[in-house]
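I opened the model today and took notes on its overall build first, then on its cores.

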Amino acid sequence: MQTVISNYTTKPELPRCTGSFNARELRFSRTMIFAIEEINNNTNLLPGVRLGYQIYDTCASVPVAVHVAFQLLNGQNPVFSKDSNCSQSGVVMAAVGDSGSTPSISMSRIMGPFNIPLVSHFATCACLSDKQQFPTFFRTIPSDQFQADTLAKLVKYFGWTWIGAVHSDSDYGNNGMASFIKTANREGICVEYIESFYRTDPQSKIRRVADVIRRSSAVVVVAFTAAGDMKFLLEELARDPPPPRQWIGSEGWITDPHSMSFSFCAGAIGVAIQQSVIPGLRDFLLDLSPSKVAASSVLTEFWEDAFNCSLRKNVHLKKKECDGTEDIKGLKSPYTETSQFRITNMVYKAVYAIAHAIHNAVCKETNDKNQCDKHMRLESKQIFAELQKVNFNQNGYHVTFDANGDPAAFYELVNWQKSESGVNELVKVGYYDASLPVGKEFSITRNLTWMEGGTQVPVSVCSQSCPQGTRKVLQKGKPICCYDCTPCPEGEISNMTDSPDCFPCLKEFWPNPRKDACFPKAVEFLSFDEVLGIILEIFSVTGACLAIITAVVFFYHRTTPIVRANNSELSFLLLFSLTLCFLCSLTFIGAPSELSCMLRHTAFGITFVLCISCVLGKTIVVLMAFKATLPGSNAMKWFGPPQQRLTVLTFTFIQVIICTVWLVLSPPFPVKNLTTYKEKIILECALGSVVGFWSVLGYIGLLAVFCFALAVLARKLPDNFNEAKMITFSMLIFCAVWITFIPAYVSSPGKFTVAVEIFAILASSFGLILCIFAPKCFIILFQPEKNNKKSLMNKN
């Protein structure tokens with residue numbers, strides 16, 4: 001636009017447009033004429049009433065748009081034509097336009113207070129839905145809020161989380177990009193850069209925006225720009241094409257034929273207004289001849305610009321004169337691009353919306369015929385009121401407005417695919433329909449072509465996806481899409497990609513090695529079929545068999561001096577108790593149950609006390625026998641067989657009482673130990689009462705120490721078959737085993753706790769049987785000559 005400085009002494013000149021001719025906008029204005037003529041020839045819509053029009057060029061400039069708004073209000077200076085028979089000369093009922101959001105904002109602010117509705121076909125700024133600021137604004141194209149949502153869903157659909165963004169530095173671009181960024185953030189999409197520019201910016205600024213795109217790491221670029229602005233950016237990028245970029249376009253430029261001519265943008269995808277069919281419009285647009293063109297200054301400018309010739313003599317000295325051979329049907333121009341009516345249909349619908357509003361205001365249906373009062377004095381506020389209620393179908397397309405003056409949002413998803421000739425072609429690949437249920441609005445219906453004609457979806461992420469079993473850790477100072485992948489801590493898993501956190505398994509579960517699933521923990525106990533269990537079983541059964549064999553040997557040689565001299569009754573009772581000691585260790589093997597838990601400790605405590613009581617009895621017998629040989633001593637009569645039995649019974653009965661109290665008050669019970677090992681469950685027996693357990697062990701230890709003390713006293717008694725020495729040694733082994741057992745028992749983990757306890761039982765039992773009975777069996781079986789009274793009575 002040319003800037004005009006007014007001196008206020010003469011009437012200001014009209015603003016003039018500068019720059020190249022916009023053939024696309026000419027198509028829109030001609031479509032408006034076509035629709036008005038079609039309505040004027042329609043016998044059902046406004047019969048007997050003809051619509052007049054005035055068409056202005058706003059040059060996509062706010063000052064010119066403001067001037068045009070005042071011209072519409074004042075009814076001055078028609079550009080194309082004005083019906084001279086209008087009933088209300090110069091009064092504008094409604095306006096169609098503008099194509100840009102910024103000019104539409106200015107015009108709507110001026111026309112709103114006069115209740116003159118403005119119906120735009122291409123102003124998409126979401127801000128225009130604010131009825132407090134723009135009460136009389138309507139549009140046939142969806143709001144950019146829906147477009148921003150669609151673009152964000154499109155980016156999210158293909159897994160792109162790291163993008164660049166450029167937009168027009170206008171109300172359309174600024175508001176549209178703001179809506180997109182808000183939705184993108186909600187979808188977890190990060191933006192590496194946001195750059196704005198405008199067609200009138202210095203070339204250096206546009207070059208800087210192009211350099212940002214070239215240097216960026218984001219492969220995907222979302223461009224929310226008008227076609228006129230995008231043209232300058234693409235021309236700058238064409239001078240030094242950037243690395244492959246996947247372009248995502250708004251409807252402002254994605255269907256622009258000029259933009260599609262840039263080969264490095266092949267594979268671009270974006271949202272477009274629905275393609276439509278308008279019968280007769282193509283013929284109307286192409287029905288231009290030099291004579292018709294010469295009658296209009298605008299058409300003359302278009303003709304001369306399109307064919308590079310002059311219709312006016314002596315005006316363009318450098319151009320040849322048009323000779324009449326120019327064929328508009330063979331011309332490639334945005335004006336003649338009639339294969340896909342998109343925005344053009346929005347103009348068509350806008351005109352029809354106003355016509356239906358006027359029809360509803362001036363016409364009434366009587367006897368199935370419309371009667372229209374063409375002399376009725378209309379006011380613009382009536383048209384405004386009727387526009388809010390319009391609801392009709394035209395060429396199969398439904399037209400209505402919601403409370404914000406917006407239509408139902410429907411977009412086609414389009415893709416630039418190269419044809420066989422290498423030219424970018426617009427192909428429909430899906431749709432977005434805001435009227436569908438949530439989650440079903442967005443659909444891709446066919447395969448896409450990507451940047452550089454590729455068939456694989458490009459990857460555009462700041463960081464690669466974190467696999468299952470890891471979690472995202474944000475990189476300091478960077479957006480949330482830039483992160484490192486850290487393995488889940490011990491005992492925790494993540495079972496989805498890009499998990500922000502890991503979560504622990506339930507108590508009885510543990511992660512698999514990949515840490516992406518929880519499985520039941522391995523259950524551990526000392527079983528009968530494992531190696532350690534089998535070894536202990538063998539030793540246990542072997543010990544029991546050894547005790548039984550020894551008893552058989554003693555019974556078979558019960559009349560021999562060596563058996564009779566060592567208290568055969570206590571010896572058999574001791575062998576019986578040792579057999580039980582060996583066998584009771586088997587109760588510690590296998591999965592714990594309530595019965596086995598109660599049995600294992602009490603059986604062990606009672607049998608060991610019985611065993612120690614027998615050894616103690618034998619020790620006392622040795623001492624009493626020695627004292628009985630002294631002159632005047634009658635000690636043996638106080639410790640004969642009845643007293644020996646009573647002693648063993650008394651000591652054992654005390655242990656039985658301790659065990660009974662323990663079982664009644666707080667018996668052992670099976671538990672699942674989840675604390676010793678994090679990755680497995682140990683089945684073990686809880687002690688129930690700790691006091692009861694240590695009372696049982698303490699009582700055994702007390703008897704063992706007492707027996708050991710007596711054995712030490714009797715160790716040097718002069719007897720060739722003196723048991724006291726062997727008892728002393730066996731008690732020494734017994735005490736050593738159980739003293740070392742306590743710390744080993746406390747510190748051993750899991751099933752090894754049970755193994756230590758079994759080892760202590762077996763070791764002490766083997767110590768007793770080998771120390772006390774092995775020497776005697778050796779003499780009985782291998783040195784029978786020593787098994788006589790003479791050898792027994794022989795003094796050292």
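What percentage of the 796 residues in the chain is buried? I found that buried residues make up 51%, where buried means under 20% relative accessible area with a 1.4 Å probe, protein chains only.

I note that this is a predicted model, in which local features need pLDDT of at least 70, side-chain atom pairs count only at pLDDT 80 or more, and totals for chains, interfaces and linings use all residues. Residues are numbered from 1 along each chain as its sequence is written, and side-chain values use heavy atoms, with hydrogens and water left out.

Overall build. I looked up 23 helices and 26 strands in the chain; these are DSSP runs numbered from the N terminus (helices H or I, at least four residues; strands E, at least two). The radius of gyration, taken over C-alpha atoms, is 53 Å, well over the 28 Å that the globule rule (2.2 Å times the number of residues to the power 0.38) gives for 796 residues, so the chain is more spread out than a compact globule. I read a box of roughly 165 × 60 × 50 Å for the C-alpha atoms, along the principal axes.

Cores. I used the nonpolar core as buried Ala, Val, Leu, Ile, Met, Phe, Trp, Tyr and Cys residues joined through side-chain atoms within 4.5 Å. The largest has 92 residues, and Leu46, Trp160 and Phe302 are among those with the most contacts inside it. Helix 12 (residues 343-362) gives the most to this core, 14 residues. Apart from this core lies another of 67 residues, among them Leu526 and Cys659.

I then checked Leu46 for contacts (heavy atoms within 4.5 Å). Leaving out residues up to four places away in sequence, Leu46 touches residues including Ile39, Ala355, Ile358 and Cys372.

Notes:
Buried means under 20% relative accessible area, exposed over 50%, partly exposed in between (1.4 Å probe, protein chains only).
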